[in-house]
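Subject: Structure handover and notes

Hello,

Here is the structure we spoke about.

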Amino acid sequence: MTSISRLVEHLAPAVWLEAQEIEAYLSQKRYHTPKENLKLLFVPPGYYIKVLSEIPEDITHEEEKDLTIEIDGDDVDAYRTVFGYEPGDECQLIGTFINLNHNHWFAFVIDRRDGRNAAYIFGQSTHAFENNRAFHDLQQFRGYLIFRILCALHGWDDRGPDVVNRIDWVQPGGTECGVYVVDLLSKLQQSDLVFTPNRQPILPRFQCTHRTRLDMATYLYRNAIEGLQHFVRLAQELPHTLRMGEGDLHANLQAVLEGYLTAGGGILPQTHSGS
């Protein structure tokens with residue numbers, strides 16, 4: 001119930017998306033997609049943040065190159081177990097999201113397909129900009145180390161990138177950066193990243209940010225409700241594990257369902273003005 005109430009608060013129009021909602025949506029999309037169909041492997045930021053927090057912030061770029069990347073074996077096992085990943089899996093495109101200066105989300109993608117060793121920075125600013133030699137931009141968010149950490153997590157050669165491309169676009173308002181990140185990475189999970197003739201990544205076509213928020217709400221509501229329903233079934237099978245009676249449990253579940261479902265069982269649409 002707490003997770004559903006968070007969705008109501010954070011997925012409303014023009015509200016800043018928190019990391020929890022971005023991560024939950026993209027992680028569940030990856031988890032529920034057969035890995036042979038995935039075009040991009042979404043990685044929750046916690047996997048690189050933990051390693052990054054143990055590396056001094058004042059090391060030089062030369063030290064970044066020579067540093068031995070050490071990831072806790074339990075964290076590696078947890079990641080591979082949760083997402084069913086095995087070294088040697090076909091997909092070799094990784095995506096995550098990064099917070100810049102505590103007020104902006106953008107996407108970071110690693111491309112090891114077909115012999116590439118490239119990093120792509122998507123949406124680091126809210127103005128249109130392109131740069132196919134953006135190595136200096138990595139230093140603004142410790143991107144060189146993040147690149148190496150995520151490669152090591154997947155059992156790949158963890159050398160730094162040979163190519164760094166950056167693409168930004170106009171982002172109206174001040175609260176939609178996280179929505180663009182979700183739209184971009186979810187599309188790249190489903191469709192190949194393609195390039196211009198000069199090897200610059202081509203952005204997928206963005207949809208209305210209200211539509212993306214509604215997609216997130218629909219998907220996460222449904223998963224949360226399915227989790228509650230699974231809990232009810234478990235409670236019926238193991239009633240001795242509960243402190244509340246079966247009637248109380250059903251009443252609580254029904255209160256949630258009535259708030260978010262139509263009489264036919266569909267998700268109530270998110271309403272907003274101006275669309």
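Conventions

This is a predicted model, in which local features need pLDDT of at least 70 and side-chain atom pairs count only at pLDDT 80 or more, while totals for chains, interfaces and linings use all residues. Residues are numbered from 1 along each chain as its sequence is written, and side-chain values use heavy atoms, with hydrogens and water left out.

Overall figures

The protein has 10 helices and 6 strands; these are DSSP runs numbered from the N terminus, helices being H or I with at least four residues and strands E with at least two. Of its 275 residues, 45% are buried. Buried means under 20% relative accessible area, exposed means over 50%, and partly exposed is in between, with a 1.4 Å probe and protein chains only. The accessible surface is about 14,100 Å², and carbon and sulfur atoms account for 51% of it (Shrake-Rupley method, 1.4 Å probe; for residues, only the protein chains shown count as cover). Among contacts with a separation of 6 or more, 71% are between residues 24 or more positions apart; a contact means heavy atoms within 4.5 Å.

The sheet

The 6 strands form an open sheet with mixed pairing, in the order β1-β2-β3-β4-β6-β5. Two strands pair if DSSP finds at least two bridges between them. The edges are β1 (41-42) and β5 (129-131), each of which pairs on one side only.

Going in from β1, the pairing with β2 is parallel and has 2 bridges. Leu-41 has Ile-94 in β2 as its bridge partner. Strand β2 (residues 93-100) is largely enclosed by the rest of the structure, because 7 of its 8 residues are buried. β2 and β3 run antiparallel and are joined by 8 bridges, with Leu-93 bridged to Asp-111 in β3.

β3 is mostly covered, with 8 of its 8 residues buried. In a regular strand, side chains alternate between the two faces of the sheet. In β3, His-104, Phe-106, Phe-108 and Ile-110 point one way, Trp-105, Ala-107, Val-109 and Asp-111 point the other way, and all are buried.

β3 (residues 104-111) also pairs with β4 (residues 118-122), in the antiparallel sense and over 5 bridges. Phe-108 stands opposite Ile-121 in β4, and Asp-111 has Ala-118 in β4 as its bridge partner.

Backbone points to check

Most residues other than glycine have a negative phi. The residues below have positive values.

- Asn-101 is in the loop between β2 and β3. The hairpin of these strands has 3 residues between them, and the phi of Asn-101 is near 60 degrees. Its relative accessibility is 59%, so Asn-101 counts as exposed.
- Asp-114 is in the turn of the hairpin of β3 and β4, which has 6 residues between the strands, and has a positive phi of about 50 degrees.
- Arg-199 is in the loop between α8 and α9 (209-237). Its phi is positive, at about 70 degrees. With 44% relative accessibility, Arg-199 counts as partly exposed.

A helix pair

Helix α2 (residues 19-31) packs with helix α8 (residues 177-190) at about 10 degrees, and the axes are 10 Å apart. The axes are lines fitted to C-alpha atoms, for helices over the stretch in contact, and angles run from 0 to 180 degrees between N-to-C directions. The two helices are therefore roughly parallel, the cut-off for that being angles under 35 degrees. From α2 the contact involves Ile-22, Tyr-25, Leu-26, Lys-29 and Arg-30, and from α8 Gly-178, Val-181, Val-182, Leu-185, Ser-186, Gln-189 and Gln-190. By class these are 6 nonpolar, 4 polar and 2 charged residues (nonpolar: Ala, Val, Leu, Ile, Met, Phe, Trp, Tyr, Cys and Pro; charged: Asp, Glu, Lys and Arg; polar: the others, Gly among them).

A buried loop residue

Ile-71 lies in the loop between α4 (61-66) and α5 (73-83). Ile-71 is buried, with a relative accessible area of 19%. Leaving aside neighbours within four places in sequence, Ile-71 is in contact with Val-51, Val-76, Ile-149, Ala-152 and Leu-153. Ile-71 and Leu-153 are 82 residues apart in sequence, and their C-alpha atoms are 7.2 Å apart in space.

Regards

Methods. Angles under 35 degrees count as roughly parallel, over 145 as roughly antiparallel, 65 to 115 as roughly perpendicular and the rest as oblique.
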